[in-house]
Amino acid sequence: IQATGPERHFTGADLFSLEVAADPQISPDGSQVAYVRRSGDIMTDQFRSTIWLVDTRSSEQTPIAAGPGGHFSPRWSPDGSRLAYISSAEGGTTQIFVRWMESGEAVRLTNLPYAPGSIAWSPDGTRIAYSMLIPGESAGLGSAPDAPEGAEWADPLDVTTAVGYRADGQGYLRPGFNQIFVVPADGGTARQLSFGDYHHGGPLSWTPDGRAILFSGDLTPDWEMDPVEGEIYSLDVTTSAITPLTDRNGPDVNPVVSPDGRHIAWLGFDDQRRGYENVLLHVSDSDGSNQRVLTGALDRSINTAIWSANSRAVYVSYDDHGQTKVARVSLSGSITTVAEGLNGASLDRPYSGGSFSVARDGTLAITSGPATSPADIVLVRGSNRRQLTHLNDDLLGHKVMGEVRRMETASTFDGRPIESWLTLPPGHVEGQRHPLILEIHGGPFAAYGPHFSTDNQLYAAAGYAVLSVNPRGSTSYGTEFANLIHHAYPGNDYHDLMSAVDGVIAAGFADPDQLFVTGGSGGGVLTSWIVGNTNRFRAAATQKPVINWTTQALISDIPVFVANYWFGALPWEDQQSYWSRSPLSLVGNVETPTLVLVGGEDERTPVSEAEQYYMALRMEGVPTTLIRVPGASHGGLAARPSQSAAKASAILAWFDRYRNAPNDIME
Ligand SMILES: CSCC[C@H](NC=O)C(=O)N[C@@H](CO)C(=O)O
């Protein structure tokens, strides 16, 4: 059949044409913004990162690093004359590059054996600090016989004594520790500054005199068993002496020294072993004395902190009701919101997020955009906003996207307001009811909001309305709301989700006989929990779920965290809680046809969780299918455009199979 015209709806193939702006770095004088552009590439089936410069007056764009390889982390020298970045332009390991802006010359500064990260210019622009993993020795035990010359033997045994021996996105970890280095900014030999069997973590922040670098880490022998702990340390650049600046029980991370050197700002909280804590902005004097919290009254979590040029305030980003905002926090603790509507770089689901930077005069560069398009670069000067890039107008300008509307319902459990966003099928006519997909976020401490989502747009283009709900436990509504699921997840969040579904039915958008449910990770837990509790949904698709908390606590890459923060006991100490909160405990109730889907290299909610559920459903005679996404990690389930499109297509095919089935087949 020949197409009669251009495809007006969003399609899976469109994923290859999407572009999203990230990591906007405004130059100190505010004249230009360097940013990372992530673009779909149909030949490599990846999102490729390039660095572009956009002029804040003319909006003219210039490529900084856009050739072969990946390019990211642009960072201005303090005087704005140079731009450092990390790139694999020359193949092999990523390296630090510097571009001289006036001449346009870019040079590779380093020749490192391993990938650098957390690059930070010294205040006088003469040096660049960075962190890098230095491999350590594997724990040895016994030995293989000697191999004859020329023999090709199997790999040696992999022996570990580490707690963190696996990590999502990396697989089984090679032993080693993050160390801090410094390299001359005009080339030369890098020097290692930190040593020892501890991770010395970024981001890094220099003191204005260039004598010390602040970093965070847990330099105590018990660091492996305390996954959230961290302190701020000062590292002497000459002697490598390390001085702790904080010492409380709880994370102290992301230190930033004020431009005048008088204060330190950082993020952290008192560890109470609760599922959720607001991350608070702290400041102290430069020696760590006089510590105080500046955002205690906000009751929101702070994501990023950047000092104002005059050292009198800190700009922070935070999530509020599913939206990401920037506020200016003065040293006296007054908080003024200065930008709203930030959007992050994740494309598949509408998670809150976004990034920003600040010029000397307070002009902000943010990543932002409507819910129907990925993030662009927007300049914010006082109340003026100007969109500098239009990365997707060429593609989405010719498409009819699903409109996104904010909804609110009272929970049937306790009357609390539950916020959600409804993506309507393109061309929706008022009064028309649609089949509804409830799409549940993970975390579980995370938030959806009015943000772009390829999954939701693909479902909407297929004629479904899609509901993205923030049930209790969601972030961006304060500590009390998030901790309503402390040691009680899944639980009453179920009622919030069902209330939101009933809200859109009552509002006339959804067909009550055509309900479907899906969700990933924490959202997969809730999807499986829902089908264990109700038969109201015609079909379900549980993505990368936890099914059995005992195995999750022992096999995932966050074992100690799950046990200590989400249960407060080890599995064998409180098997009753672990079992009663496991969706596997309800599998005998399930009648809803349920698709199970997981990334083949998921280390966060391991493949074995999905496999347990699939087999349990088969044993119970429930219609099911297991899909593994080859090579995909937990965080990277939708990283390859072809797999992301195919995943949405498989879920739609599963739902379509039951969408039009006569009711008696469903009974
Ligand atoms: C329920 S166990 C771990 C869940 C995981 N949390 C952190 O990694 C999760 O829910 N991830 C979410 C949000 O990041 C996801 O959608 O993958």
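This is a predicted model: local features need pLDDT of at least 70, side-chain atom pairs count only at pLDDT 80 or more; totals for chains, interfaces and linings use all residues.

Reader: Okay, so what angle do H2 and H10 make?
Author: About 45°, with the axes 10 Å apart. Here H2 is residues 454-461 and H10 is residues 641-659. The two helices are therefore oblique to each other. The crossing of H2 past H10 is right-handed.

Reader: Which residues meet there?
Author: From H2 you have Thr454, Asp455, Leu458 and Tyr459, and they meet Ser644, Lys647, Ala648, Ile651 and Leu652 of H10. Sorted by class, that contact has 5 nonpolar, 2 polar and 2 charged residues.

Reader: What about H4 and H5, at what angle do they cross?
Author: At roughly 80°, and their axes come within 11 Å. H4 spans residues 493-506 and H5 spans residues 522-533. These two are therefore roughly perpendicular to each other.

Reader: And which residues are in contact in that pair?
Author: Asp493, Tyr494 and Leu497 on the H4 side meet Leu526, Trp529, Ile530 and Asn533 on the H5 side. The contact of H4 with H5 divides into 5 nonpolar residues, 1 polar and 1 charged.

Reader: Changing topic: what domains does UniProt place on this chain?
Author: An unreviewed UniProt entry places "domain: Dipeptidylpeptidase IV N-terminal" at residues 174-264. Also from an unreviewed entry, "domain: Peptidase S9 prolyl oligopeptidase catalytic" is placed at residues 450-658.

Reader: How much helix and strand does each span have?
Author: Residues 174-264 are 0% helix and 44% strand, and the end C-alpha atoms of that span lie 34 Å apart. Residues 450-658 are 44% helix and 16% strand, with end C-alpha atoms 29 Å apart.

Reader: I clicked on Gln179. Is that one buried or exposed?
Author: Gln179 has a relative accessible area of 4%, and buried means under 20%, so Gln179 is buried. Its place is in strand S13, residues 176-184.

Reader: What does Gln179 touch?
Author: Leaving out residues up to four places away in sequence, its contacts include Tyr130, Met132, Phe195, Tyr198 and His200. Gln179 and Gly202 are 23 residues apart along the chain, and their C-alpha atoms are separated by 9.5 Å.

Reader: Oh, Gly202. Is its peptide bond to Pro203 cis or trans?
Author: The bond from Gly202 to Pro203 is cis, with omega near 0°. Pro203 lies in strand S15, residues 201-206. Another cis bond runs from Tyr489 to Pro490, with omega near -5°. You'll find Pro490 in the loop between helix H3 (479-482) and H4.

Reader: Then what is the phi of Asn254?
Author: Asn254 is not a glycine, yet its phi is positive, about 55°. Its place is in strand S19, residues 252-257. With 28% relative accessibility, Asn254 counts as partly exposed.

Reader: And what about Ser521, where is it found?
Author: Ser521 is in the loop between strand S35 (510-520) and H5. Its phi is positive too, about 65°, although Ser521 is not a glycine. At 13% relative accessibility, Ser521 counts as buried.

Technical notes. Residues are numbered from 1 along each chain as its sequence is written. Side-chain values use heavy atoms; hydrogens and water are left out. Axes are lines fitted to C-alpha atoms, for helices over the stretch in contact, and angles run from 0 to 180 degrees between N-to-C directions. Helices (H or I, at least four residues) and strands (E, at least two) are DSSP runs, numbered from the N terminus. Angles under 35 degrees count as roughly parallel, over 145 as roughly antiparallel, 65 to 115 as roughly perpendicular and the rest as oblique. A crossing is left-handed if the near helix is turned anticlockwise from the far one by less than a right angle, and right-handed if clockwise. Contact means heavy atoms within 4.5 Å. Ala, Val, Leu, Ile, Met, Phe, Trp, Tyr, Cys and Pro count as nonpolar, Asp, Glu, Lys and Arg as charged, and the others, Gly among them, as polar. UniProt positions are given in the numbering used here, feature names are shortened, and annotations may be inferred rather than shown by experiment. Buried means under 20% relative accessible area, exposed over 50%, partly exposed in between (1.4 Å probe, protein chains only).
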